[in-house]
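I set out to record in this notebook what I looked up in the structure, entry by entry. The sequence and the model come first.

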Amino acid sequence: MAKARRQTRQLEVVWDAIKDETSHPTADRVYEKVREVVPKISLGTVYRNLQKLVAEGRLQVLTLGRTQHFDPLVRSHHHFICRSCQTVYDISVDSKDYVLPFTVPEQGFTVNSHELTLYGTCKNCST
Ligand SMILES: [Zn+2]
Ligand SMILES: [Zn+2]
């Protein structure tokens, strides 16, 4: 019982660290933040809890290169990634006003959703 309680608490601590994040942190970043609250927690525990939150649909994973970034914004949105500072920005779209910018080349495929990643230079890096 005590173990189950601790696991729930760890999950909530991890969730608290990421729920208001808009910076799409990596597991390492979340780990650093969680450690301020629970100094003894391991990276493995943080990672496991992040995967659990993903499985529960509370987090979205964005894989950039080989790195996973975690995103508490789970409704459909796109991303803009700055090539200079590697910052990931959210781009919100109204799905009903948004038209798929290309057609699927084969017949018999149904598109339910899509996500787009745009690359470029952000405002901060442009000035
Ligand atoms: Zn930038
Ligand atoms: Zn996002």
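**Entry 1: His24**

I began with His24, which lies in the loop between H1 and H2. The model in which I looked it up is a predicted one. I noted that the phi of His24 is positive, at about 50 degrees, although the residue is not a glycine. For comparison I wrote down the general rule: most residues other than glycine have a negative phi. Is His24 buried or exposed? I counted 24 other C-beta atoms within 10 Å of His24, so the residue is buried; the cut-off for this class is 20 or more.

**Entry 2**

I then turned to the helices that the loop joins. Two packed helices are described by the angle between their axes and the distance between the axes. For helix H1 (residues 2-18) and helix H2 (residues 27-37), I found an angle of about 120 degrees and axes 9 Å apart. I recorded the crossing of H1 and H2 as right-handed. Which residues make the contact? On H1, I listed Val13, Val14, Ala17 and Ile18. On H2, I listed Val30, Lys33, Val34 and Val37. Sorted by class, the contact of H1 with H2 has seven nonpolar residues, one charged residue and no polar ones.

**Entry 2: Helix H3**

Thr45 lies in helix H3, which spans residues 43-55. Thr45 and Val14 are 31 residues apart along the chain, and I noted a separation of 9.3 Å between their C-alpha atoms.

Val54 also belongs to helix H3. With 16 other C-beta atoms within 10 Å, Val54 is partly exposed. What does Val54 touch, if residues up to four places away in sequence are not counted? I found Leu59 and Val61. I also noted that the C-alpha atoms of Val54 and Phe70 are separated by 8.5 Å, the two residues being 16 apart along the chain.

I went on to the strands. Strands of a sheet pair through backbone hydrogen bonds, either parallel or antiparallel. Strand E1 (residues 60-64) and strand E2 (residues 67-71) run antiparallel and are joined by five bridges. I saw that Leu64 stands opposite Thr67 in E2. The hairpin of E1 and E2 has two residues between the strands, and in it Gly65 takes a positive phi near 60 degrees.

**Entry 3: The sheet of three strands**

In what order do the three strands of the open sheet lie? I wrote down E4-E3-E5, with mixed pairing. Strand E4 (88-92) and strand E5 (117-120) are the edge strands, each pairing on one side only. On average, neighbouring strands of this sheet are turned by 25 degrees against each other, direction ignored.

I then followed strand E3 (residues 77-82), which is joined to E4 by five bridges and runs antiparallel to it. Two pairs went into my notes: His78 stands opposite Ile91 in E4, and the bridge partner of His79 in E4 is Asp90.

**Entry 4: Gln86**

Gln86 lies in the loop between E3 and E4. The hairpin of these two strands has five residues between them. I noted a positive phi of about 65 degrees for Gln86, although the residue is not a glycine. Is Gln86 buried or exposed? I counted 12 other C-beta atoms within 10 Å, so Gln86 is exposed; the cut-off for this class is 12 or fewer.

**Entry 5: The protein as a whole**

Last, I looked up the overall arrangement. The protein has four helices and five strands. From the N terminus on, I read the order of elements as α-α-α-β-β-β-β-β-α. The radius of gyration is 18 Å, well over the 14 Å that the globule rule gives for 127 residues, so the protein is more spread out than a compact globule. Taken along the principal axes, the C-alpha atoms fill a box of roughly 55 × 45 × 25 Å. I recorded 13% of the 127 residues as buried. Of the contacts with a separation of 6 or more, 50% are between residues 24 or more positions apart.

Terms used: Residues numbered from 1 in each chain as written. Chains lettered and ligands numbered in written order. Predicted model: local features only at pLDDT ≥ 70, side-chain atom pairs only at ≥ 80, totals over all residues. Rg over C-alpha atoms; globule rule 2.2 N^0.38 Å. Contact = placed C-beta atoms within 7 Å. Pairing = 2+ DSSP bridges. Axes fitted to C-alpha atoms, helices over the stretch in contact; angles between N-to-C directions. Left-handed = near helix turned anticlockwise from the far one by under 90°. Nonpolar A, V, L, I, M, F, W, Y, C, P; charged D, E, K, R; others polar.
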